[in-house]
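These are my notes from looking through one model. I wanted to see which side chains pair up and how the chains meet.

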Amino acid sequence: MDALIRTEGLSLSFGGVVAADNIDFRLDVGERLAVIGQNGAGKTTFINICTGFLKPTRGRVWFDGKDVTGMEPRHIVRFGLGRSFQLPQLFLDHTVRQCLEISAAARQGRLSFFKPLAQSVNRREIEHTLELVSLRERGSELASSLPEGQRKLLDVAMALMLNPKLLIMDEPTSGVASEDKHDLMATLMRALDERKVTSWFVEHDVDIVSRYATRVAAWIAGKVAADGPPAEVLASAAVRREILGTA
Amino acid sequence: MSFELLMLAAADGFSYAGLLFLVSLGLTLIFGVQGILNVAHGSLYAFGGYTAATLAIWAAEKQAPTWVLLAALVLAALVVGVILGGILEIGLLRRVQDKDPVLQLLVTFAAFLIFEDLQRLIWGVSPYSSTEVVSRLGNFDIFGITYTAYQLLLIPAVAFGVYLGLLFALRRTRLGKQIIAVTHHREVATALGINARKIGLIAFIMGAFLGALGGALAAPTTSLVPGVGTDMIVLSFSVVATAGLGQITGALITALLIGLARSVAVYTVPELEVAVPYLIMVAVLLVRPNGLFTVAQARRI
Amino acid sequence: MARLFDIRILTIAGSLLCLILGLAFPWSKTPIIVGLCFGIATLGVAAMVRAGQVSFGHAMYACIAGYTVAFLARAWPQLDGLLLILAGVGASLFAGAIVGVFVVRYRGIFFGMLNLAISMVLYSVIGKFYAITGGTDGLRINRPTLLGIEFERAGFETVLLVGTLLAAIGLGILVQRYFQSASGEALAGIKTNETRLEYLGLSARRVLWDGYLFSAGLVGLSGALFALVQGLVTPDIGSWLRSGEFVFIAILGGSGHAIGAFLGAAVFELVKLFAAAYMTGIWQMLLGITLIVVILVAPEGIVGLLMKKSALATPRRKSPWGTRREENKWTP
């Protein structure tokens with residue numbers, strides 16, 4: 001299989017804290033990776049480095065065969081990477097539909113100057129995506145009016161509109177009521193399957209991890225402590241002791 | 001440029017930097033606590049100046065002793081700082097606290113427009129000045145030049161005294177620590193039981209007083225005309241932005257830098273006198289986008 | 001659709017009013033043209049305001065265009081007025097393109113202050129180099145031909161009035177289309193979330209630069225027209241107070257729709273005329289009070305009020321002003 005993303009000796013430390021410690025990592029096309037680990041273990045930092053938001057002190061990152069080390073996020077995104085955030089990054093003064101329209105327009109590269117936004121994107125695609133993340137009824141409302149769970153969905157949908165090869169989701173279910181978490185994940189996975197997007201999500205809920213992931217990587221203190229099939233990783237001693245607290 | 005001219009320029013710049021620092025300090029203090037860049041700060045400078053000149057002229061007519069003349073300057077600044085500062089904060093800024101930062105800025109611009117006309121209504125358009133206190137304090141010789149003690153000793157001494165006093169107050173007193181807490185994190189400070197509203201008002205009045213004090217101390221050495229506030233506000237903006245918003249020691253160093261550069265320009269390339277501070281600011285911001293003394297922080301996502 | 005209809009009627013009524021007033025009372029031609037010039041400049045400043053950025057230096061582009069017109073008209077008196085205007089706009093676009101490269105790296109106060117600083121440098125240099133610029137007295141401009149035709153003063157003003165009005169309408173439509181285009185909506189996205197723009201593969205700086213160039217050109221055009229109608233340019237056309245007035249008008253009119261710039265400019269000119277007639281000496285105070293009232297009562301400006309009034313208006317943007325950048329304080 002082809003490596004979609006690959007890192008070699010990736011390290012980052014700030015002010016004496018080692019946030020990424022010599023990480024060698026690869027993710028292949030078609031995988032569905034769950035990343036687990038305690039807060040501060042370096043999960044988001046690793047995403048930030050891979051997507052160009054932070055620059056590593058050492059090591060390299062390849063995305064889809066291209067060396068993207070030190071590039072700006074916008075350039076890496078153009079190679080086919082989408083990302084959603086732990087704190088949803090939305091255009092809060094725009095409507096839900098407009099948020100998706102801006103995404104769709106951005107995918108085309110050149111933004112038009114005088115053609116109305118709604119007309120410069122594929123309307124059907126927008127409606128379909130809204131449907132997919134169950135936001136159709138709220139399409140004309142302001143993004144700022146959405147509750148947290150729907151903000152998360154919109155955040156993911158904006159990344160999906162880019163038709164990425166890889167979608168990285170940072171804690172898609174955090175801040176969502178626990179009874180809604182499975183619905184949300186099911187919705188997201190349906191959307192990802194439909195477009196055959198490789199995915200990587202950070203998650204704390206073991207239930208969700210074992211249900212939706214094909215592979216689990218466990219982060220401890222800036223390192224990948226365990227990596228493999230869900231059952232295996234979740235059963236490993238280090239993970240049980242350091243992350244799940246069940247040992 | 002002869003040595004004498006250079007010394008004259010240095011003396012001018014040093015004295016001017018003192019005034020500039022006082023005004024900028026007030027501006028940066030208010031920004032730190034309230035998060036608002038107060039455009040009306042220039043009006044506080046002008047009102048401080050005019051009020052001080054009025055009081056000083058009256059006191060001089062009554063043959064008051066020198067210390068009374070000096071006290072009149074400080075009193076004028078206090079009155080202006082408390083009254084105008086209070087009106088601005090309670091009457092205006094509180095009402096826009098939750099609004100867009102653009103609107104908060106514009107509200108202070110509106111206040112500036114109002115004060116500008118108010119000042120013209122009260123004091124007219126003819127130049128205003130009261131140099132009595134400067135001549136009473138006399139001149140002295142240094143490095144081959146003769147300069148007034150008021151400008152070369154008193155103003156810098158007051159400025160530096162205010163700087164030390166403020167640093168001490170912020171670090172050592174209860175009120176100062178509360179101000180710092182509100183500056184760093186308003187919500188957390190409130191949660192800890194600090195009355196952020198009250199602290200905001202106090203800090204605003206302190207800042208307003210400093211702006212007015214700058215004007216009051218300038219009054220005996222310049223003639224006040226409509227527009228003095230305008231010149232001062234844009235200049236102190238440039239000091240605060242060059243130093244980095246909320247930087248107190250930074251404002252001191254930047255005020256010195258800009259004050260000296262400006263007066264050297266007056267003697268060498270007078271055409272650029274007004275432009276020099278802004279050229280410095282543009283040059284600094286190109287290299288350090290958040291100002292000379294600000295440590296950039298990454299946004300969490 | 002009802003909203004669009006309203007604005008069309010408003011535009012037509014306003015234009016007719018300008019024409020009728022201008023023709024019936026010849027003295028009103030200059031204030032009307034000046035008002036329209038303020039409106040055109042404010043269109044540009046409003047674009048920046050939509051991106052959440054306030055520039056206290058945009059009048060420098062009016063200054064650059066105005067002095068370009070003056071220099072050219074004095075060097076080649078036979079140059080046509082239209083060519084002068086085009087040259088003025090070209091100069092402001094050129095300057096905007098270069099200054100823009102630097103200032104789009106900054107946001108908020110720093111964006112405002114850098115623009116202010118650059119405009120102050122220009123303003124003070126123009127005021128000091130008397131030999132070239134005429135200092136604070138400025139430069140006179142003799143009335144040029146328009147489209148090859150020589151006009152008397154009255155005729156010249158009428159042609160300028162009609163021309164400025166047409167330009168204002170055309171630019172209003174154009175700018176409104178820009179606001180609603182992909183580029184314009186991304187520009188508004190700078191106000192709320194640059195991180196997301198970046199993760200959509202867009203350069204926020206580039207988007208802002210496009211808007212900045214636009215705004216520089218619009219302010220430049222207003223400056224060129226202003227210079228011609230006054231027959232004089234002085235450094236004051238580039239002062240920071242003038243820049244502040246543009247921002248003022250943008251807030252007053254509201255940046256929800258391009259027409260706000262002209263509604264704001266109309267109110268601004270009326271307040272100024274009223275004060276000049278009845279309350280000499282306190283017109284700044286009146287402006288200040290107006291601004292405070294608008295911010296407290298109608299933070300979305302006149303346009304926001306009108307949109308709220310028309311029942312069928314789409315609630316597209318709750319308020320371009322009312323919400324602060326929302327910070328997500330939630331932690332896992």
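I started with A:Arg6, which is partly exposed at a relative accessible area of 31%. The model is predicted, and I read every value below with that in mind. A:Arg6 pairs with A:Glu8 in a salt bridge, and the closest N and O atoms are 3.2 Å apart. I looked up A:Glu8 too: it is partly exposed, with a relative accessible area of 41%.

Next I took A:Arg60. Its salt bridge partner is A:Asp67, with 2.8 Å between the closest N and O atoms. A:Arg60 has a relative accessible area of 38% and is partly exposed. A:Asp67 comes out at 33% and also counts as partly exposed.

Then I checked A:Arg107, which forms a salt bridge with A:Glu125 at 2.7 Å between the closest N and O atoms. This pair joins distant parts of the chain: A:Arg107 lies in helix H3 of chain A and A:Glu125 in helix H4 (residues 123-132) of chain A, 18 residues apart. Is A:Glu125 buried or exposed? I found A:Glu125 buried, because its relative accessible area is 17% and the cut-off for buried is under 20%. A:Arg107, at 29%, is partly exposed. I also noted a network in which salt bridges with shared partners join A:Arg97, A:Glu127, A:Glu131 and A:Arg136.

I moved on to the contact of chain A with chain C. It brings together 48 residues of chain A and 36 residues of chain C. About 3700 Å² is buried between these two chains, 59% of it on carbon and sulfur atoms. Which residues of chain A lose the most area to chain C? They are A:Asp93, A:Phe113 and A:Phe114, together 19% of what that side buries. Two salt bridges cross this interface. I looked at C:Glu198 with A:Arg74, whose side chains meet at 3.1 Å, N to O. I listed 16 residue pairs in polar contact between chain A and chain C, both residues at pLDDT 80 or more. On the chain A side, helix H2 (73-78), strand E6 (81-84), helix H3 (96-107) and helix H5 (148-160) each supply at least two residues.

C:Lys191 and B:Asp100 form a salt bridge, their closest N and O atoms being 3.0 Å apart.

Last, I searched for rings. There are 30 aromatic pairs over all chains. C:Phe25 and C:Trp27 make a tilted pair, 6.4 Å centre to centre with 50° between the planes. C:Phe25 is partly exposed at 41% relative accessibility, and C:Trp27 is exposed at 62%. Ring pairs also link A:Phe113, A:Phe114, C:Tyr178, C:Phe179 and C:Phe214 into a cluster. I noted the charged end of A:Lys66 over the ring of A:Phe79, 5.0 Å from its centre. The charged end of C:Arg143 sits over the ring of C:Phe156, 6.0 Å from its centre.

Terms used: Residues numbered from 1 in each chain as written. Chains lettered and ligands numbered in written order. Predicted model: local features only at pLDDT ≥ 70, side-chain atom pairs only at ≥ 80, totals over all residues. Heavy atoms only, no water. Phe/Tyr/Trp six-rings, centres within 6.5 Å; stacked < 30°, edge-to-face > 60°. Buried < 20%, exposed > 50% of the residue type's maximum accessible area, 1.4 Å probe, protein only. Lys NZ or Arg CZ within 6 Å of the ring centre and 35° of its normal. Salt bridge = Lys/Arg side-chain N within 4 Å of Asp/Glu carboxyl O. Contact = heavy atoms within 4.5 Å. Buried area = accessible area lost by both parts, 1.4 Å probe. Polar contact = N/O pair within 3.5 Å; in protein donor to acceptor, adjacent residues only side chain to side chain. Helix = DSSP H or I, 4+ residues; strand = E, 2+ residues; numbered from the N terminus.
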